[in-house]
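My entries follow in the order I checked them.

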Amino acid sequence: MRLVVDQYRKFPDYRNLNSDIVIKVFSEEYEGYKEKVGPEIKATEKIFSEYKAQGKKLIPPAVIFGLHQSAGVTFDISSDIAEELGVEVDRKAFEQDLDRHKKISRAGGEKKFGGHGLILNTGELKAGSEEELKKVTRLHTATHLLNQALRDVLGKDVRQMGSDITVERTRFDFTFPRKMTADEVKKVEKIVNEKIEENLPVGFKEMPKTEAEATGALHFFKSKYPERVKIYYVGKSLEDAWSKEFCGGPHVTRIGEIGKFRIIKEEASSAGVRRIRAIVG
């Protein structure tokens, strides 16, 4: 840092720069910043370390973009962490993902829903009419079931990397290092449909974020959520729920309302990230 200050002293406007004051202010700001984003940085380090342990040199661009969108981890932060851990990130791919996301956002719900005025727009799911709202609500709840079923079959390291729900289908991206076998896909689908047949109730509880985290409910990163959050759960109570996640809704009241769940495609989204498309009804 002192070398940087010395370089600035070459310019007339900064000739009298006091390096001690600059370093002190910078250090205080940096420590405050670290305290604010510390949990996200630790989570990012853990994810990158897992890829490194698998022998993967390049962190999948979808992972970098997912961290940016869900946790506010900038590309520069990801790049610094990658350098420290001896792995790589792709700036060009990240910028392409960011540009693509902006274009999709600008296109908006009008294109996806035939020009309707939106009555629901959470970013993840949109609906332009009461009928569309019913459909995306069923698919939204089904996505929660899919998330838990994937963890049951593939292991607890599975992490949601994004989802997109239209009136026709749900699309779910998750971390997994290889193509799922046909048997694994069938097992996931079977688990979801068995739960639907049980017609379990869907409930929610609102509580402080710190208390919610202690329940073990699935969630992304702390910065994404307000100080009070809702946990939606599938089961008779939060304590014995099969599925529980931080979520704002909407959801069906009983999962029997979802109808038959079918996985129509399992494919690669990017390196280290798989994508499932599914329908209900």
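Entry 1: I began with Glu 50, which counts as partly exposed at 21% relative accessibility. My cut-offs: buried is under 20% relative accessible area, exposed is over 50%, and partly exposed is in between (1.4 Å probe, protein chains only). This is a predicted model, so local features need pLDDT of at least 70 and side-chain atom pairs count only at pLDDT 80 or more, while totals for chains, interfaces and linings use all residues. Residues are numbered from 1 along each chain as its sequence is written, and side-chain values use heavy atoms, with hydrogens and water left out.

I then looked for the partner of Glu 50. Arg 159 forms a salt bridge with Glu 50, with the closest N and O atoms 3.0 Å apart. Arg 159 sits in the loop between α6 and β3 (160–165) and Glu 50 in helix α2 (residues 19–53), so the pair ties together parts 109 residues apart in sequence. Lys 46 joins in: Lys 46, Glu 50 and Arg 159 are linked in a network of salt bridges. I noted the total for the structure, 17 salt bridges.

**Entry 2: helix α6.** Next I checked the length of α6 (residues 130–154). Its 25 residues should span 36 Å at 1.5 Å a residue, and its end C-alpha atoms are 36 Å apart, which agrees. The expected span is 1.5 Å times one less than the number of residues. Helices (H or I, at least four residues) and strands (E, at least two) are DSSP runs, numbered from the N terminus. Gly 155 follows α6 and has a positive phi, near 115°.

**Entry 3: helix α7.** I repeated the check on α7 (residues 182–198). Its 17 residues should span 24 Å at 1.5 Å a residue; the end C-alpha atoms are 25 Å apart, which agrees. Asn 199 follows α7, again with a positive phi, near 55°.

Which residues of α7 are buried? I listed Glu 184, Val 185, Val 188, Ile 191, Val 192, Asn 193, Lys 195 and Ile 196. Their cover includes α6 and β8 (261–270), with contact taken as heavy atoms within 4.5 Å.

Lys 187 pairs with Asp 183, the closest N and O atoms being 3.5 Å apart. The two lie four residues apart in α7, about one turn of the helix. Lys 187 is partly exposed at 45%, and Asp 183 is partly exposed at 46%. Lys 190 and Glu 194 meet in another, at 2.4 Å, N to O. They too are four residues apart in α7, about one helical turn. Glu 194 is partly exposed, with a relative accessible area of 34%.

**Entry 4: strand β6.** Last, I went to the strands. Is β6 enclosed or open? Five of the seven residues of β6 (residues 228–234) are buried, so β6 is largely enclosed by the rest of the structure. I looked up its neighbours, counting two strands as paired if DSSP finds at least two bridges between them. β5 (residues 202–208) pairs with β6 in the antiparallel sense over seven bridges. Gly 203 has Tyr 233 of β6 as its bridge partner. β7 (residues 243–246) also runs antiparallel to β6, joined by four bridges. There, Glu 245 in β7 is the bridge partner of Tyr 232.

Key
Salt bridge = Lys/Arg side-chain N within 4 Å of Asp/Glu carboxyl O.
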